[in-house]
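Please open the structure in your viewer and keep the selection tool at hand.

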Amino acid sequence: MTNDNAAPVILIDDDSDLLKATAQTLGLAGFSVSAFSVAAEALAKLDAGFAGVVVSDIRMPEIDGLLLFDRVLRLDADIPVILVTGHGDIAMAVKAIKDGAYDFITKPFAADRLVQSVRRAAEKRRLVMENRALREAAGEAQDGLPLIGQTPAMERLRRTLRQIADTDVDVLVTGETGSGKEVVASLLHRWSRRARGNFVALNCGTLPETVIESELFGHEAGAFTGAQKKRIGRIEHASGGTLFLDEIESMPVSTQVQMLRVLEMREVTPLGTNELRPVDLRVVAAAKVDLGDPRQRGTFREDLYYRLNVVTISIPPLRERRDDVALLFFYFAERAAARFRRPVPTVPAAVHRHLREHDWPGNVRELAHFAERLVLGLEEDAATPSPAPAEPAAMKLPERLERYEADIIRETLGRNEGDVRRTIEALGIPRKTFYDKLQRHGIVRSEFSR
């Protein structure tokens, strides 16, 4: 039985009757099964892009299960291999688990035991393949800037930026905090013929009214107390390039009047002089509020808004383009790993779930910081699997004790990142007992390794 949307399983067993029965069991469980009686034929179908699980008997002629596992390991160490073994081969299977095999199952086995193990292995492989695809896509991110996304909204945004970048039209960029307004302004500059000039950024919300005019327009020596020497303002410094005014809604009213003249006349008068200096610049302004709405505009001059609003670009918040979140996360994780000289960690299912379900009110900035914390190992809450469901009231005492024991083992493995020695010491049990309990509870140690 095959299913194009099901996880693929390569099954190998030289016992034709058992091979047929096992293939039927996995097929009925929804897997897409390719069955082989010879390991060499199965290996010929495998490559590093295989998106599923390998299930193999250990005792087979020519290439046995252990040799098969070794070759799969060399091909791609992340392909889950489940070994089926007789009682006499348990020691070999345990060694294979230590070497990286996903699980082993002892004959005779219950069908549900195999299905559950394959299901967990398939989910792990799906995450590995998803992580790889996202990392590859993030590595190919256009221009190395986080204006990344495959959603229609982001494709339209990039297309619009390309269309207007090489014009001298002034632009108003709107978007929530952390959505990437300065990135948009920077791209408009980089993709224009002004790219050789300066990109000058000023956050109007961080400067007091007594300072912002001097910052923008510059001043002559002695223009005011403390002005000991001449200073070129941001506007003049941006001549030939691009001036980016962030949080322009915070600009003082008196400065707005002067800024309107700069936009209309393309000239600037520094403080302390009557000299008019021509400037050749493009202005990109950004606002967190809708300046077209009088209720949100507040004291911001309507005429300045209309002068800026030649072209308006709106950046959608992350919650409106959730399909881009994972791609952005991997871009930031790769960048953080390079900066901190750390490997990019394997991203567990809990983090993928958090990426999908969180609303990201801080948008791209919040996501970037989350990726940095995860690379540094500081996002334990998001990476910790959800606790097991509450015990049903009807569950008998032995069953409750079994579940409690399994939970303790899982919690201890998680706390020790899958390290067998530390886990055994913490639990205070012999190594053989530990592996017996892993098998009984269906716990796969490798799932807890970071």
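What follows is a walk through some of the salt bridges and the places they link.

This is a predicted model, in which local features need pLDDT of at least 70 and side-chain atom pairs count only at pLDDT 80 or more, while totals for chains, interfaces and linings use all residues. Residues are numbered from 1 along each chain as its sequence is written, and side-chain values use heavy atoms, with hydrogens and water left out.

A search of the whole structure finds 27 salt bridges (a side-chain nitrogen of Lys or Arg within 4 Å of a carboxyl oxygen of Asp or Glu).

Select Arg193 and Asp166 to begin, whose side chains form a salt bridge at 4.0 Å, N to O. Arg193 sits in the loop between α7 (181-190) and β7 (199-203) and Asp166 in the loop between α6 (152-165) and β6 (171-174), so the pair ties together parts 27 residues apart in sequence; helices (H or I, at least four residues) and strands (E, at least two) are DSSP runs, numbered from the N terminus.

Next, select Asp280 and Arg194, which meet in a salt bridge of 2.6 Å, N to O. Asp280 lies in the loop between β10 (277-278) and β11 (282-287), and Arg194 in the loop between α7 and β7, 86 residues away. Arg194 is buried at 6% relative accessible area, whereas Asp280 is partly exposed at 43% (buried is under 20%, exposed over 50%, partly exposed in between, with a 1.4 Å probe and protein chains only).
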